[in-house]
Amino acid sequence: MYKSIDEINERIRDGSVRVVSAEEMPNIVDELGVTGALRDVDVVTTGTFGAMCSSGAFLNFGHSEIPIRMEKMWLNNVEAYAGIAAVDCFIGATQESTTRHSEYGGAHVIEDLIAGKSVELHARAKGTDCYPRTSITNEFTLQELNQAIMLNPRNSYQSYNAATNMSDQAIKTYMGFLLPSHRNITYSGAGCLSPLANDPTLSVIGSGTPIFIGGANGVVVGEGTQSSPGAGFGTLMTSGNMKEMSSDYIRAATMTGYGVTMYVGVGIPIPLLNEEIVRHTAVRDEDLKTNIVDYGTPFRDRPVIREVTYAQLKSGSVEIDGEEVRCSPLSSYKKAREVAAELKTRIETGSFTMALATRPIDSHKINKPMAEKGYVCHVNEMMVSTFVTITGEESVKEAAKRLLKGETNHLPVIDSENRLIGIVTTYDVSKAFAKDEQDMSVSEIMTKNVITIAPDAPVDFAARTLQQHNIGALVVIDSSRHILGMLNSYDLGDLVGGRGRR
Amino acid sequence: MKLMVEFDSDGVQYPNIAAAILRSGVMVNVERALIDGDEGWALLDVDDKDADMFITALSRKGVSIRIQKDAVSHNRTDCVDCGLCISICQKQVFSFDENWQLVVDSERCVLCGRCATYCPQRALSIQK
Ligand code: SF4
Ligand code: SF4
């Protein structure tokens, strides 16, 4: 059995269309079977509402009395890209304000415009014969713009890795605040309600597919950037008219310690044209798998801690290493449902009709990492391999001697098998002398939690680590904690801002 | 219930909390505290039924006691019910109801302030 788009649109027009949300589909298919469901249901609505950093909008301001060809532009002190001739710009959601930093950014400008607020424009230009003006400062509202077209390069991830942090320090990420030693897990995506989870082979969703975006009736432009449907991580480029949007479905946000992002509500209706599509929309959270990965390591290929289903994630806790770990989303399931429900109402009342995609999206594509052709300097090229060490049993006095002889400020402490167990610095040693504790053993005054680095880490990462911990040197160790060398902040020169304290 | 106890320069000189525990025989849990030479505060958790007795025992010069209620204020309009605060808070103040709407159980809060810092919508604030 098949059904055509025209038949569905005819039912939308005569008011007899049957629309259900993707959440309801599994039970309907269980009850009626695939053929029965295809007969009874015409459209399945999906929805998602989450942080979609890769979002933004094209704005057109119209020409001023003395025209200007804007080259640099700020909206409420957030820089917008103006290199697209005269009076257009692209305001990106993650761009941060020059005055309020991560508390206000491109996403907030977009949210303010949608809420009807007035925004300040400031632009500069070099001035030409045809565009003589060199600067302009003005206020505008959304209604005054000729166009305000949201264009989001990468939205509606098919699924996304869940995050935890195996390191012993809390980290601030785009997945939220991750407590040390895997004490929480965060995840994103609406699971069985997610648009692409209901069409993983991209058999209906493609260029031209009508969608709900931010409250407007918008469209899928085509493949999203970084789309990797072949690996289960498809994305879509989406667009919609900002003038039809509502702050119910577009929310600016700040991930503290990471930056500005924008929560976007996207819903895609899936017309049930054949049995294969029906089967795909019957997906349950139990069928949707993703990985929990360790965000505590700074590298692209983050270690996978375990596989989970969205059903497990939504249950509120997941087991890691025999412990129940609390997990929570950072996308809103409640809002995702609202999106799917609103889309359903629009279809039922005839204000939203279906269309076939005009160009398909390659469903086998796999995203490639960056091929770094430039030269990357690694820690082992900058470290000093001659260094002095001390054992924990030796005295503070001995440590002082060794520091002097080695002409260094950092003295790694090793055990009998030459493994790193601590560090003492000139500061620790002088403090001990000042307190008359020079006869104590090194292990009594040493810092046990040594900040270390691997030899194959890039040096700019090492520089950031030095800065973050405000220290002067890192101990370079191999996987069995044997010392390979020392990396000093003064060897990194300009890479490290302020010189470390200790 | 939670008691917010503040000590002025007189109050920090004497082991008031220990003395009150001994005097009243009521067990309390010190959830958070910051006390230095001049002043300090402590957040105590005490069983509801013992609270009156303990408050009486702790009431002395230099000690001010306040019942800590509604520590977390949650702005419904700004909140998008993302749920990020749920796993950040280690005291299980936040949870979802059956409709995936955020529920706040302010009673359990120990005022660490983390949820307010990390709520992406800035919808939470902590009173102290
Ligand atoms: S983190 Fe903030 S926005 Fe998200 S549910 Fe909690 S209070 Fe609401
Ligand atoms: S302040 Fe701390 S304890 Fe209180 S609700 Fe927020 S995270 Fe939980």
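The model is predicted: local features need pLDDT of at least 70, side-chain atom pairs count only at pLDDT 80 or more, and totals for chains, interfaces and linings use all residues. Residues are numbered from 1 along each chain as its sequence is written, chains are lettered from A and ligands numbered from 1 in the order in which they are written, and side-chain values use heavy atoms, with hydrogens and water left out.

**Sheet S1-S2-S22 of chain A**

- Strands (DSSP runs of E, at least two residues, numbered from the N terminus) pair if DSSP finds at least two bridges between them.
- In chain A, 3 strands make an open sheet with mixed pairing, in the order S1-S2-S22.
- Strand S1 (19-21) and strand S22 (269-271) of chain A are at the edges with a single partner strand each, so one side of each has no neighbour in the sheet.
- From one strand to the next, the twist averages 25°; angles run from 0 to 180 degrees between N-to-C directions of axes, which are lines fitted to C-alpha atoms, for helices over the stretch in contact.
- S1(A) and strand S2 (residues 43-45) of chain A run parallel and are joined by 3 bridges.
- A:Val44 in S2(A) is opposite A:Val20.

**Sheet S27-S28-S29 of chain A**

- An open sheet of 3 strands in chain A, also with mixed pairing, has the order S27-S28-S29.
- Strand S27 (390-391) and strand S29 (420-425) of chain A are the edge strands, each pairing on one side only.
- S27(A) runs parallel to strand S28 (residues 410-414) of chain A, and 2 bridges join them.
- A:Thr391 has A:Ile414 in S28(A) as its bridge partner.
- Helix H8 (residues 396-406) of chain A lies across S27, S28 and S29 of chain A, at about 130° to S28(A); contact means heavy atoms within 4.5 Å, and helices are DSSP runs of H or I with at least four residues.

**Chain B**

- Chain B has 4 helices and 8 strands.
- Its elements run β-α-β-β-α-β-β-α-β-β-α-β from the N terminus on.
- Along the principal axes, the C-alpha atoms of chain B fill a box of roughly 50 × 30 × 20 Å.

**Ligands**

- Residues around ligand 1 (a heavy atom within 4 Å) include B:His74, B:Cys79, B:Asp81 and B:Cys119.
- The shell around ligand 1 has 8 nonpolar, 3 polar and 1 charged residues; Ala, Val, Leu, Ile, Met, Phe, Trp, Tyr, Cys and Pro count as nonpolar, Asp, Glu, Lys and Arg as charged, and the others, Gly among them, as polar.
- Among the residues that surround ligand 2 are B:Cys89, B:Lys91, B:Phe94 and B:Ile126.
- By class, 10 nonpolar, 1 polar and 1 charged residues form the shell around ligand 2.
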